[in-house]
Structure formats: structure tokens, C-alpha cells
Amino acid sequence: MVRVAPARHAPRHPLRWQGERIDWAGYVFVLPILVPFVLFTLVPIGFGLFVAFTEWSIARPPQWTGLANIQAALNDPQLRQAFGNTLRYCLIIVPSVTLLGLLFALFVNQRWPGYVFARAALFSPYVVSATVVGIVWVWILDTQNGILNQYLGIRIPWLSSTSWSLVGISIASVWWDVGLAFILFLAALQDIDPEVLSAAKIDGAGRLQSLRYITLPLLRPTLSLIITLQSISSLRIYSQVHLMTDGRPAGSSMSVMNYIVDFGIQRFRFGYASAIALMLFALILVVTLVQRRLIRERAT
Amino acid sequence: MTDFTDNSLRLARYPNFDNGLYLVPMDAMAMAQLINVNQATGAGLDVTQPPTTGEAWNAWMRTLTRYDDQGNLNPAGMTMGTDFSATDAWGIVAYQMGFRRTTDDLKTACVNPEAGTRALRWMLDTLDTQRVATREINANDIYKDFTDGHGSSLWIGPWVLSGFTKQLNLTSAEIPLIGTERHTYLELGGLQVFTQRDTSRYAATMKAIKWLSDNSFEWTTVGRGGAARKSILARPDYLSSAGTIRKPFIDALQYADIGPVPVTAAADFSIYSGSNVLYQELSAVLTGSKPVETFMPDLCGRWQTLLDQG
């Protein structure tokens, strides 16, 4: 008779997790980004979430008010106007940036004479700071002396009219943001296997047919990315509005972010400002999820 | 403390801190009007005799205003816009016509609201009937638009003088009497004091602040606003040191009493704002979003709600 020793579990080694050896070096390398991320992103987010349900003017400790800030926000006509303006910004800027970025990328990808200069010129607005963009475009869009009105032979009060202020800021934003969309589309175009396009050409496909049935479907992941990034950026628009009109005249160009800054920093109502920020976050989340669903990333 | 003017001490109290002093007054800034000399002399006006009455002011504005081929103002007589330059114009004229934002006990909003409506109608008359003021001012940079010559005159405080005088040939005058009593906007500049963990530092801090206040002659003559110290105002060389362009701003201190309303929502009662309750209601009417008749009822209703909060 053979005695079989009872099975024993392998001794638990302090440096193992589910049998795998833990490489502590990896965690050490991640710490320099993880610690600041927790301290300067996650903690403030959590604190902001708490403040949204309080009344806090910074001079005194926060006082819990429950849903009072949210209820006040839902009944605030100026905030409704700001949300409406922000959605309008998104509806103007996102399609414009996407379409122009694609057209510029298709143009540069042809490698016609001057394409190197065009590539630099079309991307360069993106690297300009928001302050420069705001100041320069205030001059360009000036009603009496601005070059846009001068060259077009018109007299539109771009930044001093309730009808045009939002459009004026959108023009500056499109000019600023199109560089990123352009370079992403260009990279995606250059990533398309030229043999696919050659094969289509051999099969008799024209330029437009190749564009429609091969190029655009292959660009779908990039398109989805650009629309998502641009939507988030547009819904959070702040710098251009602050520098060019500060939401005026009569709140016609006010964005939600500007409204948050107005209440939080200028009026010392951090609770109310945080509640509005929470609502903006919810809006951005919903818009992003809907977009990701509608524009699925799978390239056909 | 006894050397500070009564006005400056009154304005240095903050309701959110139980009416305690929250800053040490340094200068008092009253609003007056700046006039572009080049445009005025070009229009044939005598800049040594600026307008001080409503009638004279209207005549000046009509003369200063030019129209281009399409009938657009280029430049307008007055740089008004629909934002903080409009709120202060309305506020000053309304006070001159007898309007008050609250009763003395701070319990009731809007004393003599008819005067507030008359002041609004005066603005609309200036903009649309007489067409000597323009709405087309970029509110975010009204100073740029005035410098560019969109308007020939501007109602403003002395904080702009150092910058403007480098770029424009200007003269100044007190705000004209549009109503029946002289009033103008007053803003207080000062040194704010914050609590410190090491309380032994307070003595040295206050010593430094006192030195700055005692030596604020240059700041309150050629620096920015008028003096908040009686001893400085009484100096025989005070007015001559301030320079001619600052004289109207200093003279206006005698009747500059449209300051902050000492309630917790003081910011919403200011007549110099591009974002508060007054701005929201006024700009809505000036841009045609709301009718004139709703202005005073809506404004007074919102102000009353804020007063009820304490």
C-alpha cells in the first residue's frame, strides 16, 4: 500500500499574486503619474462632487444643502441660455472642424506642389495659445476696422451683436481647432494601404467612388475620434468666449464654463458652480456615449 | 482711523463679514467723462468748455457723431454699448433723476422706480432717436473700442488714465447733469488684509499698511484715484499735483455716492457690472429681448428677493 502524502497548498509567497510573481518595479514606475493623478484629478473631482451639494462662499465652511443647487440651476433662465449657447457652439464647431479637417487632409495627401507648406500652415493655428487666438480674432472681427468686414465688404457686428457674437466666436474656434482634425485625418489617410486604392482603380473605380467606398469607411475610427474629441472640447468651450466677449452681449455668447467661472470665482458661490459643473459633466457623458454608439469605430 | 474720509470707511465695510472693515482704503475713484480731443476739435468743438449740463451734452454728442455712407455711426458721440458702460450710464442718470436702489434701511428695493424707467428711456432715446451713442461696442474690450475711435466720449473712472493718456489725446469733464441732482459712481480701492497663522506678524503688517497709506500722495494724484485720507486731500498742492485731466475725477468725489449697497448680494446691486442682475435686465431691454415696461418690475423683483436674503 502506498501512502500518499496529503496535498498541501504551495506556501504563500509575499511577492506573488495568483501564482504570478509581482513585479513591484512596474508600480514604482507608474507612481510618478499615479500619485499626481490621484491628488490633482481624482481628489478634486471628489471634492467638487461634495461641494455641489453645499452652499460655500469660501469665507465660511461649506453648509450641506442637498439638491437645492441643482433645483436652482434647473430654474435659472440665464443658465438655460448658457446651455443652449453651448449646444449651438457644438453644432457649429464640430461639423465645421470635421469637414474642413478632412478636406484639408485630402488636399495635402495629394502631394501637389506646395503640400509641405500647406501641411505646416494648416496645422500651425492649433499650436497657438488661446490668448493669442482671442486677441487676434477680436481685431479681425472688429465691426469698423476688422479685416474680415473690410475684405468682404460687409459690416457685421460680429462680437457686439446678440445675433452674431456666437457665430464670431465659432469662426475663431474652428480656425483654432481644425489643425488637430487635419493632422489626424492626414495620418489616417497615409496609413491606408495604397494597394487597396490601386486595386480599386484597376477595377474601374473613379476618384469619388474610391473616396466614398474605400477611403471614408477606412477613416471611420479617426472620424469617430475627432467627433468625440471635438464635441467634448466644444461643450467645454471657455477661453475664446472669455477673451472675445465674456459671454456678452446680453448673455448671447455665454457658455456653461463661463457661467461656472462667473459664479464660482467672481461671485464666490462655489456650491452652485460645482452643481452646474456636475450637470455639464452629465451632458458631455450623454453626448459622448450617443456619439460612440452612432459612429461605431469598426472600419468596414 | 480718524484721518480717513467718512465715505471711504463706509465703503470699506463688508456685510459678509458682519460689516467689519475688510480693507484699508487707499483711493476713491469717481466716474467722470473722457473726451477724445482730436475728434472734438475736428468737429469744431471747444474742448476747454466741455458739456456739464444735459442740454449741452446732447449738443456735443450730436456734433461729435459721424455717419458713414450706409448711415452707420462712425464714430458715435458716446461709447455706450449694452454692458458695463451701459449699466453705469443708466445708474448715474437714474440717480440724478431721483431713483434709489434701496430704502435707507435696506429692506425695500427700488425707491422712485419711475425715475429708473425715465433713465432707461433717456438711454434708448440717445441710442435710437438721437442716434448719438452706439450699441456696437465689444463689451469685453470697451477700452480698445474707445481707443480705436468707435466713440468720442466715455464715462469711466480714473483707473484708465495711465493707459489711455499714452495712446489718446484726451480731456476730461464731470458727468453732465442729465437729471436734477448731481451724483456719480464711486468705487473704493484698498489694501485687503488676510488672517495669518502667525498672529505676531499682524503688528508688522499693519505698520507696513499704515506706511503705504501715509505715503499715498503720489498714488492718489498721478497713480489712480482720489485720496481717502483727509490730511492728503487738505494739502495745498494736492489738486495741482493731480494734473488737469484728473481734476474732474477728484472734484466729482464731492457728490460720488453711488457705491456698493451693503448687503450680502452687493455685487448684484452694483451699477458697474457686465454680469450681474442689473446688467442682465438692462442688456435684455437694450438688445430688444425684453420690452421697456418689464425692466423696472423685473429688476426690482429680483433685487427684492436678494434683499430678503439679508
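**Helices, sheets and the reasons for their names**

Author: Let us begin with helix α3 of chain A, residues 77-109, which has 33 residues and reaches 48 Å from its first C-alpha to its last, close to the 48 Å expected at 1.5 Å a residue. Please keep in mind that this is a predicted model.

Reader: What makes 48 Å the expected value for α3(A)?

Author: The expected span is 1.5 Å times one less than the number of residues, and for the 33 residues of α3(A) the expectation is 48 Å, to which the reach of the helix is close. Just after α3(A) comes A:R111, which takes a positive phi of about 60°.

Reader: Why are α3(A) and α4(A) called roughly antiparallel?

Author: The axes of α3(A) and of helix α4 of chain A, residues 115-123, cross at roughly 155° and come within 9 Å. Angles over 145 degrees count as roughly antiparallel, and therefore this name applies to α3(A) and α4(A). Their crossing is left-handed. The contact is made by A:F104, A:F107 and A:V108 on the side of α3(A), and by A:Y115, A:A118, A:R119 and A:L122 on the side of α4(A).

Reader: How do the residues of that contact of α3(A) with α4(A) divide by class?

Author: They divide into six nonpolar, no polar and one charged; Arg counts as charged, and A:R119 of α4(A) is among the residues that make the contact.

Reader: Why does the description of α13(B) and α14(B) also use the words roughly antiparallel?

Author: In chain B, helix α13 (residues 277-286) and helix α14 (residues 295-308) have axes that come within 10 Å and cross at roughly 165°. With the cut-off for roughly antiparallel set at over 145 degrees, α13(B) and α14(B) are therefore given that name. The crossing of α13(B) and α14(B) is right-handed. From α13(B) the contact takes B:V277, B:L278, B:E281 and B:V285, while α14(B) contributes B:F295, B:D298, B:L299, B:R302 and B:W303. By class, the residues of this contact are six nonpolar, no polar and three charged.

Reader: In the open sheet of four strands of chain B, what makes β12 and β13 edge strands?

Author: The order of that sheet is β12-β3-β11-β13, with mixed pairing. Both β12 (226-227) and β13 (256-258) of chain B have a single partner strand, so one side of each is left without a neighbour in the sheet.

Reader: How do you know that β3(B) and β11(B) pair?

Author: Two strands pair if at least two bridges are found between them, and seven bridges join β3 (residues 23-30) to β11 (residues 184-192) of chain B, which run antiparallel. B:A30, for example, has B:L186 of β11(B) as its bridge partner.

Reader: Which strands are the edges of the open sheet of five strands?

Author: The order is β8-β5-β9-β4-β10 in chain B, with mixed pairing, and the edge strands are β8 and β10 (170-173), each of which pairs on one side only.

How values were computed: Residues are numbered from 1 along each chain as its sequence is written. Chains are lettered from A and ligands numbered from 1 in the order in which they are written. This is a predicted model: local features need pLDDT of at least 70, side-chain atom pairs count only at pLDDT 80 or more; totals for chains, interfaces and linings use all residues. Axes are lines fitted to C-alpha atoms, for helices over the stretch in contact, and angles run from 0 to 180 degrees between N-to-C directions. Helices (H or I, at least four residues) and strands (E, at least two) are DSSP runs, numbered from the N terminus. Angles under 35 degrees count as roughly parallel, over 145 as roughly antiparallel, 65 to 115 as roughly perpendicular and the rest as oblique. A crossing is left-handed if the near helix is turned anticlockwise from the far one by less than a right angle, and right-handed if clockwise. Two residues are in contact if their C-beta atoms, placed from the backbone, lie within 7 Å.
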